[in-house]
Amino acid sequence: MGNIGVTEILLIALVALLLFGAGRIADIGKGLGQGIKNFKQGLKEADDEPKKPEVDATAKPAEKKEA
């Protein structure tokens, strides 16, 4: 128990095809592919952004001197 063979995978694919239809399965695959592409692009953009210096919350703000 626990091993999925070729027969089980084909049975699952057949049931999915009967439930959703060929066109709907193609749309689901396309949406999944676009989601993965956008996720990878977001990770790349996050790595490319320069790090902002962290502000110390306990530090006193600089006082302005009046002339």
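Gly21, with a positive phi near 90°, follows helix α1. This is a predicted model, in which local features need pLDDT of at least 70 and side-chain atom pairs count only at pLDDT 80 or more, while totals for chains, interfaces and linings use all residues. Residues are numbered from 1 along each chain as its sequence is written, and side-chain values use heavy atoms, with hydrogens and water left out.

The chain has 2 helices and 0 strands; helices (H or I, at least four residues) and strands (E, at least two) are DSSP runs, numbered from the N terminus. Helix α1 covers residues 6–20, 15 residues in total, and spans 21 Å from its first C-alpha to its last. That is close to the expected 21 Å, taken as 1.5 Å times one less than the number of residues.

Of the 67 residues in the chain, 0% are buried (under 20% relative accessible area; exposed is over 50%, partly exposed in between; 1.4 Å probe, protein chains only). The chain exposes about 7,100 Å², and 62% of this comes from carbon and sulfur atoms; areas follow the Shrake-Rupley method with a 1.4 Å probe.

Leu11, Leu14, Val15, Leu17, Leu18, Leu19, Phe20, Ile25 and Ile28 make a nonpolar surface patch of about 870 Å². Helices α1 and α2 are the elements that give two or more residues to this patch, and α1 supplies the largest share, 7 residues. Ile25 lies in α2 and is partly exposed, at 33% relative accessible area.

A patch of negative charge gathers Glu45, Asp47, Asp48 and Glu49 on the surface; Asp and Glu count as negative, Lys and Arg as positive, with His and the chain ends not counted. Each charge is placed at NZ of Lys, CZ of Arg, CG of Asp or CD of Glu. Glu49 lies in the segment after α2 (22–48) and is exposed, with a relative accessible area of 53%.

Key:
Patch = residues over 30% accessible without salt bridge, like charges linked within 9 Å, V, L, I, M, F, W, Y side chains within 5 Å. Salt bridge = Lys/Arg side-chain N within 4 Å of Asp/Glu carboxyl O.
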